[in-house]
Amino acid sequence: MIAGLPEVAGPEVARDLRRNGAAIAVEAVVVGLGFILLVPALRHLFSGEVTEAWAMVGALALVTAFYGVMRFFSQVRGYKIGVNMAGVIFERLGRHIAQLPLGWFDVSQTGRLGRLTSQGVIEVITVPAHLMRPLIVGIFTPATVAICMAFFDWRLALTALAFAPIAYVTHRWAAANLQRADKAHDLAAVVAANRILEFAQAQSVMRAYGQLDRESTALDAALATERDAARSHVLTMGLGLSGFVIVIQVAFTAILLLGVSFALNGRIDAPELVALLVLTVRLVEPMFSSAEIGSVLRMATNSVAKMDALLSTPVLPEPKDPKPAEGDDIAFDQVSFAYAADRPVLSGVSFEAPARSMTAVVGPSGSGKTTLLRLIARFWDADGGAVRIGGVDVRERRAADLMAQLSIVFQDVYLLEGDIAENIRLGRPSASDAEVAEAARLAQVDEIAARLPGGLGAPVGEGGAILSGGERQRISIARAILKDAPIVLLDEATSALDPINEAAVQSGLQSLTRNKTLVVVAHRLHTIRTADQILFLERGVIAERGSHDDLVALGGRYAAFWDNRLRASQWRLGA
Amino acid sequence: MGVARLIRPVRAQIYFACVVQAIAAVAAVIPFIAVAEIGRLLVVGGYEPAQIWLIAGIAAVALLVRLGAVTGAAAVTHIADVHLQLHLRREMAAHLGKAPLGWFLDIGSGRVKKALQDDVHEMHHLVGHSYTNRVAAIVTPLVAFGYLMYVSWVFALICLLPIIVGMLAMSTMMGDQAKQMDLYNRALADVNAASVEFAQGIAVIKTFGLVEGAHTRFISRAKSFLDQFYAMVRGALGPMSIIDLLFSPIFSLSWVLAAGLALAGWGVIAAADILPFAVLAPGLAGPFFILASANHQATLADQAARRILDILETPTLPAPEQPQRFPDSPEWSVQFDGVSFSYDGEKKVLDGVDLELPAGGITALVGPSGSGKSTLARLLPRFWDCTEGEIRIAGAPIRNLETADLFSAVSFVFQETRLLQMTIAENIALGRPGASLAEIERAARAAQIHERICELPDGYQTEMGPDAQFSGGEAQRVALARALLADRPVVVLDEATAFADPECEYEIQKALSELVRGKTVLVIAHRLRTIVNADQIVVLDQGRIREIGPHDDLIAADGLYAKMWSALRQEEGALGEAAE
């Protein structure tokens, strides 16, 4: 019923779904038969056969009771299956996501992921809980009634059946039109949404430069276009729906008139006519409700498709036969990497960073500095060449071993919900309180804690929201100090910190990086100049390499870069 | 009720549609009555065929009327809805165009988008369907029931019995359900939070090799949500199934036939009188579900309307009653006169600031984060109005200036930059409409961005879309070119703009130097070295001016600034980064 659902939910749930579907179908057929009992019941009534009429009513009551019980149980089962299914999906998504490469988790992914693993799963629950029943009943009950009608009067049944394909074709035509209008409308809505975002984000610019006069704004034009698209959407939908309703009503009118003429000619009797007309109405009703279910079903189908795509995102392969590292040196051997096949980010990068040395990576923005750093931590695997730590290819290391050897301090720091101490302890869960306090002191987190009620036990809020960027960085440094891994990967902050945070971060980093193999994407002149070796990256290639003095003496790209940065540091406003 | 105010522009259309829908609802019952009457005549006998054909004809006409009326009512409400949507969006956009600029910093573009796009859309069901659905759901059963009362009031009341029982059960459940719903919403919020934390925190957790913990925590929270969900549903399923059963057509049919047989047996009704009930009674309960769903939609629409009203009720910056103009050849100095400001009406972010920015001079604001320097700088381009005191430009209080006049004197460059969706040339020319291409190019050169623009496929005519190919630092320089071309006499800027993108820091600095030449400048300073040449340095602390004067005077005064300066020197000394 929903493509991909069995794959996402697993075979057991799929089997339960099929079983419950079958039970609902049986119930729907029985209800259809119950409706048909109306014909003999009325016949007996009007022929004065009261006992037989009561027998029919008794049978109908039995069908009703059966329906009530079946419906209750299938409903309970539907929810049960929905909940089981959601459990399976949560579990599978959770496990799979945990194995995805680190590089996969960028901002846009995590936003979508949050929605998929909450709202998305709930949408999927509605399939067995709400959607299966009306869909199945909508087909099986009218079909049963239609087939049985033929036994009473084949001409009327045929008339009803003749309209079925017409109704179907009209419905398909309307749906196809609607889809086109949907697309046009969605497009207009996206354009308008972009304009609205622009309106909100660039409000200061628009206002400062007089761009808000209604008639002239692009926002207003986009809104008007969206209105036009919505209007033609409404008209298309109205046309399609009316077409469908017209077909149904013409059918009903035809059966009514035909039935009346048959009754007047004595070909059918009054009870039969009435019963058949009542049944025809019952036949038509479920068709109307199916249109509403469609949109809910579409949402669920979309979510399932997204889950399926997520579950088939390849995970980072773990080696069958993992090797231990024999040292803390890092080597790149002809490493190439691209996020998209046609745009290489790194090509043929080779260098060595001896244990306990410091390597600074510099270069223009977009030259691949951060990517280089991330390949060491296996955010992604290199497309070509090899990244080795301690002589062993990172792909031959167990993920947990590799991570144990590295500390990563990046610009964007995300703190987990909990208190400061918990966030620091993440670096080494077995650490004692004294060790946590010492790490906090070295990164000057103790100074932050002193200002907060609860000290190190103060909660950091969702994502660390109650702390400033500099304070979050200090906590992440304390975390890394506690971990005390032999290799440190550092992405130096570009954003402006106030002098107090800046000093605290620098002193924390000094404690962290002492006697470590350090690879740093460097922006501070001091950091760059004190590095053992500097890699100057340009368009994904190491353009120059060497110590600061060597490279300045070389008088090439790095020398120009350094000169530029030096001037920037000497710049005075209004000089 | 917020909804009533919002839909006022289309109230007439909705009333009209409701009347048309009422006609449709009556017309919808007529064919059923016709079928019942034809059946009765056929059973009882003694009829003229013409009589039967007449009734059948009426039924056919009623079907046509219904079709026309339903379509008409839907068309009216839907077109009204489409126009209302545009109207509301325009009203909100116009209103927000007058809200304090600072409001946009607090609220975030996501919420604006949600109100203008999603919330307005959420009201569709209300305007397009709810009112007419309710009319149909009330009129149709009333007409049907009236007819049944006319046939036999005793029987009609008996048919009502299961519906009354069902409704009573429903209303007792409602209270319970509200409580359950609350629990459910809380559990849902919890699983949402767990999802967000899982998604955002997983990278951190993975780097510490604690993967197992992360997803078990998420899965266990998700599962406890499911348990809660199932417990809630399971409790309601029993009563809900009984209500569903009572309202179902098959039950109604059994009930009607059993009651009819009994009543006919006792001679209360004629056997033929059962027909109208068999035809009409099964449809009596259906509309209640429509009503329930319409109510649900109305609640959602009301919540959306509330959010829309929040936007429409955002206080705007008061426009001056009698706008003041700048003098003819103004002296572009700026006075802050006893300026205090508070975001929340309690905590003062600025407290009695008196400050004069000399015409053509540079004033730098320094101080720890939270001292109020950004707020003070943003009061000048009226991101907010100060709560107390007054700010004057060239002697004119900024509150008395038309927006256009204010911005003809003040330009500002803060860290957050967003280029507009238009060509680069248009983006730069915003500040001087009608500028020649040569002027635009000159500004771009001065802002060190000309060469980068020339590398683009369409050069200056390249459209800056939402996925602009420019980096933050490059967009920053386009904004600087714009400010350069606009050439306003007063400039407010954040020095941090320069190092948002370290690789082009020097280029941005050169552009800034161009921009401030000869202007009255207010700069938020982060690095003391940058502003040592400023005409005056203002040291802010907790919203008050602690010290003020040129660099040398402040050093000599040996106060807070001197301490900050020596801390900087010490750190530089320790790191060996005295930049020479």
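Reader: So which residues have the most contacts inside the largest nonpolar core?
Author: Those are A:Leu38, A:Val274 and B:Ala278, in a core of 264 residues. A nonpolar core here is a set of buried Ala, Val, Leu, Ile, Met, Phe, Trp, Tyr and Cys residues joined through C-beta atoms within 7 Å. Buried is 20 or more other C-beta atoms within 10 Å of a residue's own, exposed is 12 or fewer, and partly exposed is in between, with C-beta atoms placed from the backbone. This is a predicted model, where local features need pLDDT of at least 70 and side-chain atom pairs count only at 80 or more, while totals for chains, interfaces and linings use all residues. Residues are numbered from 1 along each chain as its sequence is written, and chains are lettered from A and ligands numbered from 1 in the order in which they are written.

Reader: OK, and what does A:Val274 touch?
Author: Leaving out residues up to four places away in sequence, A:Val274 touches A:Leu42 plus B:Val35, B:Gly39, B:Leu275, B:Ala278 and B:Val279. Touching, or contact, is C-beta atoms within 7 Å, again placed from the backbone.

Reader: Which residues are in the second core?
Author: That separate core has 81 residues, including B:Val334, B:Ala429, B:Leu485 and B:Ile508.

Reader: Switching to the interface: how many residues of each chain are in contact?
Author: 120 of chain B with 121 of chain A. On the chain B side, helix α3 (residues 49-96) gives the largest share, 19 residues. Helices (DSSP H or I, at least four residues) and strands (E, at least two) are runs numbered from the N terminus.

Reader: What about chain A overall, how many helices and strands?
Author: Chain A has 19 helices and 10 strands. Its C-alpha atoms fill a box of roughly 115 × 60 × 50 Å along the principal axes. Buried residues are 43% of its 575.

Reader: Which loop holds A:Arg378?
Author: A:Arg378 is in the chain A loop between α10 (369-376) and β4 (384-389). Its phi is positive, about 60 degrees, though it isn't a glycine. Most residues other than glycine have a negative phi.

Reader: Why does A:Arg378 count as buried?
Author: Because it has 21 C-beta neighbours inside 10 Å.

Reader: And B:Gln542, buried or partly exposed?
Author: Partly exposed, because B:Gln542 has 14 C-beta neighbours inside 10 Å. B:Gln542 sits in the chain B loop between β9 (536-541) and β10 (544-549), and its phi is also positive, near 50 degrees.

Technical notes: Contact = placed C-beta atoms within 7 Å.
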